[in-house]
Amino acid sequence: MDSDLIVQILFAAVKTGTPLLFIALGEVICEKSGILNLGQEGMMLMGAVVGFLAAYSTGNMGFGVLAAMIMGSTMSLIFAVLVLQLGANQVATGLALTIFGTGLSAFVGAGFVGQTIQGFPPIAIPLLSDIPYLGRILFNHDILVYFSFGMTAVLFYVVNKTRIGLTLKAVGENPNAANAIGIPVLKVRYLAIMFGGAMAGISGAYMSLVYTPMWVENMTAGRGWIALALVVFASWRIGRIMLGAYLFGLASIMHLVLQGMGWSISPNLLAMLPYVATVVVMVIISADHFKEKLLAPRSLGKPFDPRNMA
Amino acid sequence: MKTHNSVSRLELANITKQYPGCLANDNISLTLMPGEIHALLGENGAGKSTLVKTIYGVVAPDKGDIIWDGREVSIKSPSIARDLGIGMVFQHFSLFETLTVSQNIELCLSKAQLNNIGDLADRIKKLSAEYGLNVDPSRYIHSLSIGERQRVEIMRCLVQSVKLLILDEPTSVLTPQEVSGLFDVLRTLSKEGCSILFISHKLHEVTEICHKATILRGGKVVDTCIPNEETPATIAKMMVGELAEQEAGYIKREGTNVIFSVTNLSLPSKHPFGTALKDINLTLKAGEILGIAGVAGNGQDELMAIISGEDARNVKQAISLNNLDIGHLHAGERRKLGMAYVPEERLGRGAVPDMSLTENTLLTHSDGFVKNGLVQWQSIKNYTQTLITKYKVKCHGEFSEAKSLSGGNLQKFIMGREIGQNPKVLICAHPTWGVDVGAALAIHQALLELRDQGAAILLISEDIDELFLLADRMAAVCNGHLSPLVKTEHTNIDQIGQWMAGTFINNTSVCAQEQEAKA
């Protein structure tokens, strides 16, 4: 294998990993506040279809991305109201959101299947893109990839270095205590959930505007679920999420690579790789109960109702 | 106590708070002067917690005024309370285990306060030295002992120059030595003019440190007194309302033959922040109560879990009942052989919250009430009703859900259910934790009665007074080590207190060293 091919593979891994990175960053913020939102796939699909429609009908790509973000956070707002205000079960509500989003996106996008648009053009960043190998892998992408880099850096800083991050962690670890010292728990959780929704929206838009610039029913193909596994894999740390997203991205394109190298393995089997990897990762991490307990936000998935505090 | 300032620090006038089905606070008024240490007394459900939460802005009163430093204020949230200079140390600590000491303290401060303070770590160190509250700001909460955690909570209040400190049962989790350390801190604060509102169940502590006391019953103020002019007995009488039966002393028994023993039991903990058991040896005789003292988190939970079989690891040789190894049997098999348990956690371990009392009875009595594979509901209902009557469990009936009972009543029910199986060995953890005086008395008497019938009882408790009252022999745990077993009349609170701190381990403070090493 020559170095040129490796660079191409890694370039593709970054590109494939980007939607995973977006959605997993959103989910990790949500989970750090103690909320498990299994509606990722539904929000992502709605983001993809609405982003595509907005960009297609206005011809403005930026508008498409914005519309997708708004759609994603609107979807998550439904989830937030049900879970935070009405005390609905997080797991059931999340699953319902995914089913809802899958159906609605297919319905909304039915008339647009097969239409294509011009995706975001790649922008080579001056100087950085001239770095041997690395420049071609990381700095020759479209604007959304750079945005995901920036977002990772910002979140890393906010979560680890600021009071906002501290508040978020406090709410996720012990909402009762947080409430007692005067942190507005529900407000923090609303914001975290809606941030997660917006990121899922972008992630969907990346699929329909950049990755394959068209709308196809169910085009996210389970990426919302992979992102949930990715968050556990990264043990709720921002830096590791980026690394994990690219690893999963690499796993997703391995079947193309191996086919290109002339391996005679059924492409169907190889296409299973990222999903198998997801299952394996979950099993390995869950087996180490000790570690999982230590790293996961303490109150993850547990409801909190300030009105019950007597 | 400074009294030359005539303006009261805090005045509550006619505070009323109604919860659905319960008038928690009914026209409560009280006055607190600067530097005064004021005790708030009452049985469980008397309305103490609601009242202090009102002062701290967690609960909004329906009616009534709060006057702070001479002017009326409305405390809508804890941050407003903190801005006024009110600090609170919660009974169940409101600390975040995965954050450091200084991060925990920072979370409680507003931006303005943080700017005033400058370097937070320096300020913490300075306060540590000033008040003798030793805490390293960079340590994570989960690595701290309970006593250290409490110091962090107090520190959290001191950092923001507190004028009123509210402490909700601060001593229930401390060793006697730690308690006296805490009292030193409180006295210093009081001399500096800080008022203290002190909730406690331990009346001798109240008479020792408090200047004034307000007694609540059923949401109302029923009495006020000057504690050092009273005795614990007279205060108890004011709390309960009728002449409380005094638990001055019960007859100690010798016990007969050894019926249950744990031999050379060493076991690593399954939990990340748990304690490993180290070479535990104990024997339990029929007809005696063996008390185990210790500060929470020193291996009591782990010991309880392995003895009950909840921790399913095989320790066949280490645990024996009637000379029979039972360390490999599961919890149900051990129960069949005559063991019974009253766990610390009532809801979730001792009883299933969403099930009725009848169903909860069935859980540990399945043998007697199942015929040909069918549950005999009528007989189990009748039996549950007898338990409710016999142990005076306050509830709507045998159909009530376990979670609808108050802590003390549920505990009486669980205790009755376990005793009702005529166990040979009863393992009992913190039986009266958070239980009011009346219920505690009933539970104590039930335990003694069971002992006198010839059962062996292992009593794990953090309440030293309770252990001295009930136990025939005693020991203490520290960091997974068990001290020697001694007859209660051959020891005293000082010795047990030192054992709780680990001095029995080679006469040096190995325990403390190990805790240091662990950190």
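This dialogue reads selected features of a predicted two-chain model.

Q: How are residues and chains labelled, and which pLDDT limits apply?
A: Residues are numbered from 1 along each chain as its sequence is written, chains are lettered from A and ligands numbered from 1 in written order. The model is predicted: local features need pLDDT of at least 70, side-chain atom pairs count only at pLDDT 80 or more, and totals for chains, interfaces and linings use all residues.

Q: Which residues of chain A does the "transmembrane region" annotation cover?
A: UniProt positions follow the numbering used here, feature names are shortened, and annotations may be inferred rather than shown by experiment. The unreviewed UniProt entry lists residues 6–30, 42–59, 65–84, 91–117, 137–159, 190–209, 245–266 and 272–290 of chain A.

Q: What is the helix content of residues 42–59 and of residues 190–209 of chain A?
A: Helices (H or I, at least four residues) and strands (E, at least two) are DSSP runs, numbered from the N terminus. Residues 42–59 of chain A are 94% helix and 0% strand, with end C-alpha atoms 25 Å apart. Residues 190–209 of chain A are 100% helix and 0% strand, with end C-alpha atoms 28 Å apart.

Q: Where do the side chains of a strand point?
A: In a regular strand they alternate between the two faces of the sheet. Take strand E6 (residues 86–89) of chain B: B:Ile86 and B:Met88 point one way, B:Gly87 and B:Val89 the other, and all are buried. A residue is buried if 20 or more other C-beta atoms lie within 10 Å of its own, exposed if 12 or fewer, and partly exposed in between; C-beta atoms are placed from the backbone.

Q: In which sense do E6(B) and E7(B) pair?
A: Strands pair if DSSP finds at least two bridges between them. E6(B) and strand E7 (residues 164–168) of chain B pair in the parallel sense over 4 bridges. B:Val89 stands opposite B:Leu167 in E7(B).

Q: Which buried residues does helix H17 of chain B have?
A: An α-helix has 3.6 residues a turn, so residues three or four places apart point the same way. In H17 (residues 493–500) of chain B, the buried residues are B:Ile496, B:Trp499 and B:Met500. They cover an arc of only 105° around the axis, so they sit on the same side of H17(B). The arc is that of the directions from the helix axis to the C-beta atoms. The buried residues pack against strand E13 (289–293), helix H16 (464–470) and strand E21 (473–478) of chain B.

Q: What is the phi of B:Asn264, and where does B:Asn264 lie?
A: Most residues other than glycine have a negative phi. B:Asn264 has a positive phi of about 45°. B:Asn264 lies in strand E11 (residues 258–267) of chain B. B:Asn264 is exposed, with 10 other C-beta atoms within 10 Å.

Definitions and conventions. Two residues are in contact if their C-beta atoms, placed from the backbone, lie within 7 Å.
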